[in-house]
Amino acid sequence: MQILLVDDEKELVSTLAERLGYRGIDAHWAATPNDAISMLSDQNYDIAVLDVQMPDMNGFELKEQMEGICPELKFIFMTGHGSEECYYEGCSHTGEAFYLVKPVEIDSLIEKLNKVMLDGGKR
Amino acid sequence: MKHTAQEMITQYGPAYFGRMGASISHDIKNCLAIMNENAGLMSDHLMMAQKGTPLDIERFSEIVQRIEKQIARADGIVKSLNNFSHSMDNPEQQIDLDEAVGLAFGLGARIIANRNININHTQAADKLYVNGSLFFLLFLIWSILEKITENLASGALLNISSIKDENKQVCLSFQCEQPFASDFGLEASGRTLDLFQAKLVLDDQHNRADLIFGN
């Protein structure tokens with residue numbers, strides 16, 4: 001399973017990638033939406049885990065762009081923003097099961113990753 | 001039409017508190033998320049050590065420092081929240097203008113960061129004071145800041161400086177190489193200007209706005 005984590009909090013994504021690596025999951029990370037888009041041309045990913053609020057481009061806009069490049073890519077959203085509006089928008093993009101609120105328990109994230117790989121998620 | 005402070009609190013207070021609360025809670029969530037991952041990483045390393053992998057003390061120390069950094073960050077955010085919560089305690093007080101700018105920006109930092117605007121705040125050499133309500137001063141500064149940054153291109157640099165102008169009036173100046181929005185009408189802050197007997201002067205190029213206080 002190849003995972004791309006995208007969040008402007010660099011210390012969060014880098015640590016999360018390292019921890020996923022210890023659990024046998026190959027996770028790369030990007031701290032900007034533009035870096036994430038660039039990384040898609042170098043490597044194939046199965047799932048992108050996107051922060052919702054980022055400078056320049058929010059996670060939903062990034063999803064649209066990433067889908068344009070990699071139509072088979074699946075998505076999970078991760079947010080610190082707990083508004084209802086944000087929740088419903090996130091769910092409309094991926095389904096309720098694939099929307100996580102920070103701080104995220106790693107076992108819960110791995111469970112979601114496995115579910116997305118099996119079910120494909122709502123795309 | 002003049003509005004009393006009470007009318008304005010009723011009209012704009014909840015929306016401003018809500019918007020800042022959302023910005024702050026988002027940042028606190030990020031701090032907690034980073035602490036959570038780093039605590040988890042320490043736990044992973046300890047588990048590996050229990051299974052015989054030598055513990056890398058330098059690496060472990062680096063993780064501890066990351067957690068300490070986030071604790072300091074969260075502490076700063078909560079202090080700002082506390083100051084904001086007490087901003088309505090005194091309807092009239094002497095306010096350090098640069099402290100108020102720092103607080104107004106700190107509260108809405110996430111919103112500005114999401115617009116990818118860089119703020120450079122230059123403080124006055126000597127402290128400058130404004131008399132009035134801290135809550136309304138924060139609201140006024142934020143309203144201007146939010147309006148100005150609304151249409152700036154990503155990556156723009158906004159310079160904010162507090163000065164005493166040629167008429168010895170306290171002035172907060174917002175400057176950018178790019179022009180601000182052409183429609184600079186601010187209904188809410190327009191009313192707040194009255195509370196400080198202040199005026200907002202936009203230059204012809206629309207890339208500098210001076211908030212000049214009358215009191």
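Predicted model: local features only at pLDDT ≥ 70, side-chain atom pairs only at ≥ 80, totals over all residues.
Ser80(B), Asn83(B) and Phe84(B) stand on the α2(B) side. Leu103(B), Gly106(B) and Leu107(B) meet them from α3(B). Two packed helices are described by the angle between their axes and the distance between the axes. For α2(B) and α3(B), the angle is about 115° and the axes are 10 Å apart. Angles of 65 to 115 degrees count as roughly perpendicular. The two helices α2(B) and α3(B) are therefore roughly perpendicular to each other. Their crossing is left-handed.

Now follow α3(B) to another partner, α5(B). Here the angle is about 60°, and the axes lie 9 Å apart. That makes α3(B) oblique to α5(B). The crossing of this pair is right-handed. From α3(B) come Ala100(B), Val101(B), Leu103(B), Ala104(B) and Phe105(B). From α5(B) come Leu134(B), Leu137(B), Leu138(B), Ile141(B), Trp142(B) and Leu145(B). Leu103(B) takes part here, and Leu103(B) is also among the residues of α3(B) that meet α2(B).

In soluble globular proteins, nonpolar side chains tend to be buried together. The largest nonpolar core of this model holds 43 residues. Which of its members touch the most other members? They are Ala100(B), Ala104(B), Leu137(B), Leu138(B), Phe139(B), Leu140(B) and Ile141(B). At least two residues each come from the helices α1 (5–50), α2 (57–85), α3 (97–107), α5 (134–150) and α6 (187–195) of chain B, and from the strands β4 (157–164) and β5 (170–176). The largest share belongs to α5(B), with 12 residues. Where does the core sit relative to the domains of chain B? Domain 1 (5–85) and domain 2 (93–212) both contribute residues, so the core lies between them.

Set aside its neighbours within four places in sequence. Leu137(B) is then in contact with Ile95(B), Ala100(B), Val130(B) and Gly132(B).

Step back to the domains. Chain B is divided into domain 1 (5–85) and domain 2 (93–212). Their centres, taken over C-alpha atoms, are 28 Å apart. The contact between them draws 12 residues from domain 1 of chain B and 15 residues from domain 2 of chain B. Which elements supply the domain 1 side with two or more residues? They are α1 and α2 of chain B. The largest share of that side, nine residues, comes from α1(B).

Next, chain B as a whole. It has six helices and seven strands. From the N terminus on, they run α-α-β-α-α-β-β-α-β-β-α-β-β. Along its principal axes, the C-alpha trace of chain B spans about 75 × 40 × 30 Å. Of its 215 residues, 33% count as buried. Among contacts in chain B between residues at least 6 apart in sequence, 76% join residues at least 24 apart.

Some backbone details remain, and they fall in loops. Start with Asn116(B). Its phi is near 55°, a positive value in a residue other than glycine. Asn116(B) lies in the loop between α4 (109–114) and β2 (118–122) of chain B. Is this residue buried, exposed or partly exposed? With 18 other C-beta atoms within 10 Å, Asn116(B) is partly exposed; a buried residue needs 20 or more.

Asp56(A) has 15 other C-beta atoms within 10 Å and is partly exposed.

The last stop is a peptide bond in chain A. Lys102(A) and Pro103(A) are joined by a cis peptide bond, with omega about -10°. Pro103(A) is placed in the loop between β5 (99–101) and α5 (106–119) of chain A.

Definitions and conventions: Residues numbered from 1 in each chain as written. Chains lettered and ligands numbered in written order. Core = buried A, V, L, I, M, F, W, Y, C linked by C-beta atoms within 7 Å. Buried ≥ 20, exposed ≤ 12 C-beta atoms within 10 Å, placed from the backbone. Helix = DSSP H or I, 4+ residues; strand = E, 2+ residues; numbered from the N terminus. Domains from an automatic or database assignment. Contact = placed C-beta atoms within 7 Å. Axes fitted to C-alpha atoms, helices over the stretch in contact; angles between N-to-C directions. Parallel < 35°, antiparallel > 145°, perpendicular 65-115°, else oblique. Left-handed = near helix turned anticlockwise from the far one by under 90°.
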